[in-house]
Amino acid sequence: MNATPFHVRSCTLIVRMEGLPSAINLRELRDRVERCSPSCLYHHFVERLLRPTFDDPEFTNDFAAWAYRALGDTVLAERLGVLDPFSADSIEVLRSQVSEILEERLAEADHVPSVDPGKAFYFTCASMAVFDTGMRINEPSEILGALQRMTRASIYFHFVEGRFRRKEEGDDFSAWLRSNGELGERLAASFSGVDVAFFGLRSLRDDLVQRSQRVLEDKAERSQ
Amino acid sequence: MARNIASYRRVVGEESISQLRRLASQLQGRTVVHVNSTRYGGGVAEILEWLTSLMNDLGLQADWEVMEGTPPFFQATKKIHNGLQGFRVDFTASDIQAYDAAAEVNASRLRDKLSGANFVFIHDPQPAALLGSCPARRGKWIWRCHIDASRPHRPVWRWLEPVVSKYDASVFSMPQFARALPHPQFIIAPSIDPLSDKNRFLPESEVEDVARRFRLDPGRPILTQISRFDRFKDPVGVIRAFQMLRVSPRPQLALAGGGAADDPEGAAVLEEVRAGAEGDPDIHILDLPPDSHRAINALQRASHVIIQKSTREGFGLTVTEGMWKSKPVIGGDAGGIRLQVHDFHTGFLVNSPEGAALRIRYLLQHPRLSARMGASAHAFVRDNFLLTRHLREYLTLMLSLERGGTDRMDLP
């Protein structure tokens with residue numbers, strides 16, 4: 001059993017322009033995806049959840065959303081939407097996947113698809129401040145209350161960004177839970193079933209809360 | 001009115017307030033000066049009132065200064081403002097002279113304070129030239145552009161660009177509004193104050209009283225558009241949409257706005273609106289005074305559907321306000337409305353009076369779904385467009401500038 005408590009951290013984001021011109025057609029999007037910074041790609045795939053935007057589970061990244069809403073290209077939106085930044089080995093691998101899909105779609109088109117005025121793709125990135133909230137989780141059974149209290153930004157930092165940082169190891173909560181006995185193992189196993197792509201931060205929190213409740217209730221029933 | 005961050009706890013929760021305090025703890029004692037061109041009236045003055053107050057409450061030393069100027073200066077800045085928004089204006093050498101003269105007069109009054117501050121936020125183009133008059137600057141200077149500067153009138157931008165390029169950073173409300181500049185350009189969306197008269201909770205009795213005062217029948221659905229009588233808000237299109245409705249019970253339409261008295265264009269639009277509504281007792285044209293915040297709040301709360309059928313829009317805070325009151329919004333597919341209105345989730349985006357009529361019918365036909373969309377709209381605003389998020393982004397921006405603009409800042 002790990003005696004070290006879990007330190008709940010949080011983060012805040014300030015979005016800034018990437019410094020690239022906006023893209024008004026598919027060719028420009030492809031060219032700029034190849035030139036943009038890794039943090040810009042990360043922002044459009046992962047950090048987007050922290051921006052003031054609607055939690056739209058239909059689209060898993062900004063490129064897919066733009067392809068569907070602005071370009072009206074459902075095929076492209078589907079191809080881009082299925083990309084998984086959490087399983088890509090690196091941002092550069094993700095970049096090559098996006099580029100390949102855009103290249104392929106351009107080759108399939110008999111003209112360069114463009115968007116209506118006002119619907120360009122804007123390349124942005126962000127600076128993030130990370131800090132300790134002072135909240136501590138001392139044992140696995142406390143995770144339910146902590147999840148209910150913590151901000152959406154804490155959920156993002158530990159569960160979404162945590163998964164991106166840790167890759168196979170999973171999210172920050174699970175990494176800690178696994179070294180905290182059988183209950184921790186069971187909670188971590190339950191969390192591993194979450195596909196982050198289909199949640200906004202509020203619904204992600206609700207899902208983690210429900211999973212924790214189920215595991216804790218199950219444990220309580222067994223011990224009776 | 002002095003604000004206190006703790007009073008927002010019951011709206012956004014303890015942890016969000018604690019998050020603001022943690023961030024602000026890294027900026028204790030920093031001097032921040034905001035400069036704009038008016039103390040009263042308008043969205044920027046409203047923002048600066050709470051922003052300054054809450055920054056002080058969090059331990060920063062924030063101050064708010066207002067440009068003083070002569071009528072020629074304000075005529076020039078009106079042209080600059082309109083020109084930045086893309087209107088053709090006759091921007092002359094005498095305008096530039098009046099603008100520069102006012103900058104010099106204000107700089108001599110404010111130079112010491114501005115030069116010594118850790119952060120200076122210059123709001124909109126009116127005070128932008130102050131930077132050039134403060135060569136011994138100690139802190140970071142940020143140009144905060146609240147308007148859509150994406151398609152400016154070229155002569156105005158050619159003149160303003162070298163002025164604002166010298167800043168350390170700029171802030172725009174949406175990526176779509178930004179101009180390419182040789183420094184970091186940050187994005188901070190606007191917000192609403194959930195405790196202001198315009199947005200605070202109102203007792204049902206007050207909502208009913210206001211509806212009665214405006215001769216609205218509480219037994220029939222109420223559709224409301226709140227906005228200036230401006231062609232870009234398409235009030236005539238809203239009337240056309242309303243007149244296409246063939247539903248029972250017949251709804252009522254409230255078009256509430258103001259600003260027509262001091263705006264010749266507004267007066268003309270108001271006349272067109274009145275002409276369009278003539279003979280229909282269910283269309284209520286309400287030309288309200290600018291301080292009708294509680295009445296507008298009550299009107300939005302009494303409504304079943306909020307409409308904002310703009311054909312061109314900035315961010316669209318009236319949409320945010322309607323959503324905060326748990327109402328689905330039918331919004332024009334323009335500007336910041338696109339950020340806020342999501343089909344079948346928080347309302348519907350429309351492109352024509354026909355589209356608006358169709359979506360109104362849909363929402364009236366499905367009251368339970370309409371209520372769910374209203375709840376979703378409220379949650380969306382709570383998570384994204386309240387002033388606590390706005391303040392958090394200002395604090396993060398200051399930390400980012402202080403620490404050299406890195407992608408990641410690990411705070412102690």
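View 1. B:Val66 lies in strand E2 (residues 61-66) of chain B; strands (E, at least two residues) and helices (H or I, at least four) are DSSP runs, numbered from the N terminus. This is a predicted model, in which local features need pLDDT of at least 70 and side-chain atom pairs count only at pLDDT 80 or more, while totals for chains, interfaces and linings use all residues. Residues are numbered from 1 along each chain as its sequence is written, chains are lettered from A and ligands numbered from 1 in the order in which they are written, and side-chain values use heavy atoms, with hydrogens and water left out. B:Val66 has a relative accessible area of 15% and is therefore buried (buried means under 20%, exposed over 50%, partly exposed in between, with a 1.4 Å probe and protein chains only). Leaving aside residues up to four places away in sequence, B:Val66 touches B:Asn36, B:Ser37, B:Thr38, B:Arg39, B:Asn106 and B:Arg109, where contact means heavy atoms within 4.5 Å.

**View 2. Salt bridge between B:Glu272 and B:Arg231.** The closest N and O atoms of this pair are 2.2 Å apart; a salt bridge is a side-chain nitrogen of Lys or Arg within 4 Å of a carboxyl oxygen of Asp or Glu. B:Glu272 belongs to helix H9 (residues 264-277) of chain B, and B:Arg231 to the loop between strand E7 (222-226) and helix H8 (235-244), 41 residues apart. B:Glu272 is partly exposed at 35% relative accessibility, and B:Arg231 is partly exposed at 40%.

**View 3. Salt bridge between B:Lys233 and B:Glu313.** Here the closest N and O atoms are 3.0 Å apart. The pair links the loop between E7 and H8 of chain B, which holds B:Lys233, to the loop between strand E10 (305-308) and helix H11 (317-324), which holds B:Glu313. Both B:Lys233 and B:Glu313 are buried.

**View 4. Salt bridge between B:Asp282 and B:Arg250.** The closest N and O atoms of B:Asp282 and B:Arg250 are 3.1 Å apart. B:Asp282 is buried, with a relative accessible area of 12%, whereas B:Arg250 is partly exposed at 29%.

**View 5. Contact between chain B and chain A.** In this interface, 37 residues of chain B are in contact with 38 residues of chain A. Six salt bridges cross between chain B and chain A. In one salt bridge, B:Arg408 and A:Glu161 have their closest N and O atoms 3.4 Å apart. B:Arg408 and A:Glu161 also belong to a network of salt bridges that includes A:Arg9, A:Arg165 and B:Asp410.
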